[in-house]
Amino acid sequence: MIQHTIRQATQADLDCLLPLYRAAAARPDCPWDETYPDAATLQADLAEGRLFCAKDPEGRVMGAYALTFHDEGTEALTFWDRRLEPAGEVVRLLVAASCENQGLGGRLLADAVARLARMGCRSCRILVAHDNHRALRAYAGQGFARVGSARLYDTDFDCFEKALEGEAI
């Protein structure tokens, strides 16, 4: 297994990330398309300090995720456990095709969960496209509980939540 370094993304990483997101969007189980996420979305994530990427030993970007807080559409959903707030959300989690099935997605998710815990969040929330069966299995296997479903952004999502007590590493 290749060891990847996960750290906050830099401006230089954006040129590598957009093609990875475009490639992922071409997969039938991915809710993204040729317009989302776009360069402006990634730039906003970067500017707000909430974009993180995984690099291989040669410095190539091989995965990424962003963290969000206070998304109106997500927060309006009634099934979240309000006792686990404040909550953070992992969004746009991505693994390059060449790194799939090697544990990088799990490492990215664990890194995101640990960051949220260190930031004082009591839970982590994730929306997964209803037909993304690999991601649905992965999140359930990482201790996330499916708490509901929702239609947001013209996509049907299964919604997952995980308490973060003791998750900071």
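User: Where does His 70 lie in this model?

Analyst: This is a predicted model. His 70 sits in the loop between β3 (61-68) and α3.

User: Is His 70 buried or exposed?

Analyst: Exposed. The relative accessibility of His 70 is 64%, and the cut-off for exposed is over 50%.

User: Which loop holds Asp 154, and what is its phi?

Analyst: Asp 154 is in the loop between β6 (145-152) and β7 (155-163). Its phi is positive, about 60°, although Asp 154 is not a glycine. Asp 154 is exposed, with a relative accessible area of 70%.

User: Now the backbone bonds. How do I read omega for Tyr 36 to Pro 37?

Analyst: Most peptide bonds are trans. The bond from Tyr 36 to Pro 37 is cis, with omega near -10°. Pro 37 belongs to the loop between α1 (11-25) and α2 (39-47).

User: What joins Glu 85 and Pro 86?

Analyst: A cis peptide bond, with omega about 10°. Pro 86 is found in the loop between α3 (72-75) and β4 (87-95).

User: On to charges. How many salt bridges does a search of the whole structure find?

Analyst: Side chains of opposite charge can pair when their charged atoms come close. The search of the whole structure finds 18 salt bridges.

User: Which side chain meets Asp 13 in a salt bridge?

Analyst: Arg 7, at 3.4 Å from N to O. Asp 13 counts as buried, at 3% relative accessibility. Arg 7 is partly exposed, at 28%.

User: Where in the fold do Arg 115 and Asp 111 lie?

Analyst: Both are in helix α4 (residues 104-118). They are four residues apart, about one turn of the helix. Arg 115 and Asp 111 are both buried.

User: What is the partner of Asp 156?

Analyst: Asp 156 forms a salt bridge with Arg 151, the closest N and O atoms being 3.1 Å apart. Asp 156 is partly exposed, at 42% relative accessibility. Arg 151 is exposed, with a relative accessible area of 52%.

User: Which residues do salt bridges with shared partners join into one network?

Analyst: Arg 27, Asp 29, Glu 100 and Arg 134.

Technical notes: Residues numbered from 1 in each chain as written. Predicted model: local features only at pLDDT ≥ 70, side-chain atom pairs only at ≥ 80, totals over all residues. Heavy atoms only, no water. Helix = DSSP H or I, 4+ residues; strand = E, 2+ residues; numbered from the N terminus. Buried < 20%, exposed > 50% of the residue type's maximum accessible area, 1.4 Å probe, protein only. Salt bridge = Lys/Arg side-chain N within 4 Å of Asp/Glu carboxyl O.
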